[in-house]
Amino acid sequence: MKTRTITAVIALLLFLPIVIIGSWPLLILVYLMAITGLYEILKMNRIHIVSLPGILSLIALCMILIPQESFSPAIADFQLEIIVALALIMLSTTVVSKNRFTFVDMGFCVLAVAYIGIGFMYFFETRESGLIYILYALLIVWLTDTGAYLFGKAFGRRKLWPQISPNKTIEGSLGGTLVSVLIPVVFVFTGLMEGSLWLLIPFTIVLSIFGQMGDLVESALKRHFDVKDSGTFLPGHGGILDRFDSFIFVLPLMNILPIIS
């Protein structure tokens, strides 16, 4: 518990100022976190990042993370084509490697790049849209987790999905979602965000549910590959994916819903 607390405090002291600053410092941080996440997920499937599929995955990830408007308008014109080309090359490695890397392995690499790349790309893009939006997303995930833990401890009786995450309960899940509704109420009444409260509340509920789904997806992935944590980057907390699995689901959806103006 002591190690977990110390890690959390240090991480927040380093993380939050960079999020507040945004721009290049945040972009560098996003790249570092995404690359670490890619390393973790490939390692689960015993694919070394310093291998042909690993290097191609890394290049594709870096292409996805390039900001499209504010930093690289010229590259943005060919970004999709380059990513598609890399995906085809990655799939062609099944032939070059004489099936040492199978079609399933290559499909895993492609999906891993999309899963991590899109999530972390929207981390940066959301912050570029305004500090208040990234804080909104962070608070949804953090309060949902906190509420789920407290409600689960106090009222948890029925298991939510025991085959995937045996400690989570239906009561905890509902409690976490209920607590997350406080965010739009506070943000609207204090003037931090504009918009209709009666639209933001259901949007927040959806984001809270999808954040919990992101956590369950990561749990299912770890259970499939029989690993306890995605990595050891954060002592007491596991890896980058263990900490950002919910954000990977929340941030893209937040940009799809009419929340960011």
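Is Lys168 buried, partly exposed or exposed? Lys168 is partly exposed, with a relative accessible area of 26%. Here, buried means under 20% relative accessible area, exposed means over 50%, and partly exposed lies in between (1.4 Å probe, protein chains only).

The model is predicted: local features need pLDDT of at least 70, side-chain atom pairs count only at pLDDT 80 or more, and totals for chains, interfaces and linings use all residues. Residues are numbered from 1 along each chain as its sequence is written, and side-chain values use heavy atoms, with hydrogens and water left out.

Side chains of opposite charge can pair when their charged atoms come close. The structure holds three salt bridges. A salt bridge is a side-chain nitrogen of Lys or Arg within 4 Å of a carboxyl oxygen of Asp or Glu.

Lys168 forms a salt bridge with Asp215, at 2.9 Å from N to O. This pair links distant parts of the chain. Lys168 sits in strand S2 and Asp215 in helix H10, 47 residues apart. Helices (H or I, at least four residues) and strands (E, at least two) are DSSP runs, numbered from the N terminus. Asp215 is buried, with a relative accessible area of 17%.

Arg243 belongs to helix H11 (residues 240-256). Its relative accessible area is 35%, so Arg243 is partly exposed.

A salt bridge also joins the side chains of Lys222 and Asp242, at 2.8 Å from N to O. Lys222 is in helix H10 and Asp242 in helix H11, 20 residues apart. Both Lys222 and Asp242 are buried.

Arg158 and Glu171 meet in a salt bridge at 3.0 Å, N to O. Arg158 lies in the loop between H7 and S1 and Glu171 in helix H8, so the pair ties together parts that are 13 residues apart in sequence. Arg158 counts as exposed, at 51% relative accessibility. Glu171 is buried, with a relative accessible area of 14%.

Helix H8 (residues 170-180) is mostly covered. Eight of its 11 residues are buried. Among them are Glu171, Gly172, Thr177 and Val179. The buried residues of H8 pack against helices H7 (131-155), H9 (182-189) and H10 (197-224). They also pack against strands S1 (159-161) and S2 (165-169). Contact means heavy atoms within 4.5 Å.
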